[in-house]
Each structure stands twice: as C-alpha cells, then as structure tokens.
Amino acid sequence: MSRRSFSYFLLILLLCTAAISTQSYHIQTYSVIDGLPSGLVTDLTQNVDGKMWFSSNIGILEFDNQTWKLHNITPQGMNKNQLSWITSDQYGRIFVFNRNLKAGGYLYENKIWKRLDGPDARWNGIQITSLSIQQYQGKTVIGFGTYKKGLFLYSVSENRWRHMTAKIGLLDNDILSIDSYQGKFYTVTKKGISIVSSKLVDNSINQLIPDHGKQLTGIRIREIAQKMHIFVTARNWIGEIIDNKFKYIRKFPFQIGRKAGDLLSVRKIQIEYDRRGRLFFGNITALYYYDFKSNELKRLDTESGLVT
C-alpha cells in the first residue's frame, strides 16, 4: 500500500470527523472543480489557527475553509511528489518532509520557508512509514518510523538527528505506527510497542497486551478526563490501555483493513479519536468507526457518502 493511497483515507477521515451529527454524517468532498489546486494529496495537518495544510504533487496547499493557497517551495528541478509528509506544532509552525528521509524537508515560520537538512548520507533511500510530533518542556521533537531502519528523532531547536534501533532496545527495526505523549514516543514495531524517552527504551508495556503486542498494527494516544488512553489496533481487534490495564474494545471475525489476496494491506492501520467519543480506524482498504456510547460499529464506504 503506497503512502499516497493511504493519505486519500486521511483526507476522507478529516472531512468525516469535521462535521458529524449524532445521527448522520456530513461529508464534504473537495476536488479541482471546487478550487482544490491538485487532486493528488499525500498528507495533511491542521495548525493552531484552524487552517488545513496539505502536501500534494504540485506543492504545499493551505486552506482556510474558503480559499486555497499554493506554496511552491521546492527548488527548480526537484520532484514535488517527494514532499509526502506534513505536520505542525503548538507554535503554528508547519513542517514538511521528503519521502526520502535523507533529503530532509522544510519549516514554515513567520511566513518564511526554511530548509531542514536530513540525517547524514548513510541514510539515503530510507522509507518513512509514520510520523509524530511532540512538544514537551519547551522542546519540539519529531519522530519518524521507518521501514526496517528503526526510529529517527529530529530535535527542531537543536537541529540534531538521533537514530535508534533494535541494537539499543527497540523490539524491531520495522516500525508500523508511532504516537507521542509527555516526552515519550510510543512506537509500534512488528514485535510489539517500544516506548522511547530521551535515550531510554522501555518494552514492558507489552506484558499488558495479548500476544505481547506482536499483532499490533496501529496506535493513538489521547488524554480523556485527565487520563492517558492508549488505543491500539491489531489484525482482528481494537483495544485500550488505561491505568496500566488492557481491555478489548471490540473483536472482529475478519482482519481489519485486509484486502482479499493482499497480505500487506493489513500492515498499518490509522486511528483517530474524536471529541464526541468515537474511534475511527482503517486504511485504504476499509474505514470504520466505533461509538463508545452506543456500542455501534459501522463501516464507512460509498454508501455512506465517500467518493471512493
């Protein structure tokens, strides 16, 4: 499954959760006919001002719910398709990164784009699988999960890269999903969750999870009623960790996001929790939502109003 295809799901997910009543969904589709500068969107983020930012095949798109603005930030001759990852921090800064981690990215601050260098030349060709940004004790750090190359951490204030692998404690170098909370990166590998803080790696959380976390495909952390909730997906269930206790949210008689005949489609699952007590999860193959209050599970598809 390509990053580009997966991001179509992210765009649809955003539009689903943006304006939903308790009874029905309002889904707004944007295309080039509606003013969208490009129909090929690879990633998205929302800054503190509420504006939406998208990486696309023609550059970076800014949307204020009325008008679109194109930021053409790549040097002449550079393939704009390579800018595949975008995120933002609590200060309103926008970060855009290349599909190839070695190529680095760009920082948008005070209406100016600045170049960000990637890690050294040894890491050319590394495929990013997941990204999470955290602000803790006045510092902004961005974590990059990669395909079979471990975890890379970029300190924005220090302009410094760190590389963490199984040699220093990660359960595996193949990272499927990543999220952050209070200075720690919660990293889902093929063999379970590794929690990274400073230079330490803690794998003990897997003792709480069925099969020691080896079936996990995604993670999302949210603070609800002043408690940390860790939502996780596996091949055929979704679960939650609260107060160091695990519980199943829902089990399924099928594999989540699995396309018939496609063994890779189940690898990564994106999870989002909204403020109305609903959990959205899925990938390019399938999208679901679960309502904690009603215990309702529903699949979202073209019959629900999605365009694909």
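Which residues do ring pairs link into a cluster? They are Tyr-30, Phe-54, Phe-63 and Trp-68. Colleagues, before I go further, a word on the basis of this talk. This is a predicted model, in which local features need pLDDT of at least 70 and side-chain atom pairs count only at pLDDT 80 or more, whereas totals for chains, interfaces and linings use all residues. Residues are numbered from 1 along each chain as its sequence is written, and side-chain values use heavy atoms, with hydrogens and water left out.

Let me stay with the aromatic rings. Rings of Phe, Tyr and Trp (its six-membered ring) pair if their centres lie within 6.5 Å; planes under 30 degrees apart count as stacked, over 60 as edge-to-face and the rest as tilted. Across the whole structure, the search finds 21 aromatic pairs. One of them joins Phe-281 and Tyr-288, which are stacked with 5.6 Å from centre to centre and 20° between the planes. Phe-281 and Tyr-288 are both buried, where buried means under 20% relative accessible area, exposed over 50%, and partly exposed in between, using a 1.4 Å probe and protein chains only.

Two rings also carry a charge above them. Here the rule is that NZ of Lys or CZ of Arg lies within 6 Å of the ring centre and within 35 degrees of the ring normal. The charged end of Arg-115 is 5.2 Å from the centre of the Tyr-106 ring and sits over that ring. Likewise, Lys-251 places its charged end over the ring of Tyr-248, 4.2 Å from the centre.

I turn now to the strands. Helices (H or I, at least four residues) and strands (E, at least two) are DSSP runs, numbered from the N terminus. Strand β13, residues 175-181, is mostly covered, with seven of its seven residues buried. It pairs with strand β14, residues 184-189, in the antiparallel sense over six bridges; two strands pair if DSSP finds at least two bridges between them. Tyr-181 has Lys-184 in β14 as its bridge partner. The two strands form a hairpin with two residues between them, and Gln-182 in the turn has a positive phi of about 50°.

What does Asp-179 form with Arg-220? The answer is a salt bridge, with the closest N and O atoms 3.2 Å apart. The term requires a side-chain nitrogen of Lys or Arg within 4 Å of a carboxyl oxygen of Asp or Glu. Asp-179 lies in strand β13 and Arg-220 in strand β17 (residues 216-224), so this pair ties together parts that are 41 residues apart in sequence. Both of these residues are buried. Arg-220 also meets Glu-272 in a salt bridge, at 3.0 Å from N to O. Because Glu-272 lies in strand β21 (residues 270-273) and Arg-220 in β17, that pair ties together parts 52 residues apart in sequence.

Glu-272 is partly exposed, at 22% relative accessibility, and it forms a further salt bridge with Arg-222, the closest N and O atoms being 3.5 Å apart. Arg-222 is itself partly exposed, with a relative accessible area of 29%. Through shared partners, salt bridges join Asp-179, Arg-220, Arg-222 and Glu-272 into one network.

Finally, a remark on two loops. Asn-65 has a positive phi of about 80° although it is not a glycine. Asn-65 lies in the loop between β3 (59-63) and β4 (68-71), and it counts as exposed at 58% relative accessibility. Asp-243, also not a glycine, has a positive phi of about 50°; its place is the loop between β19 (237-242) and β20 (245-251).
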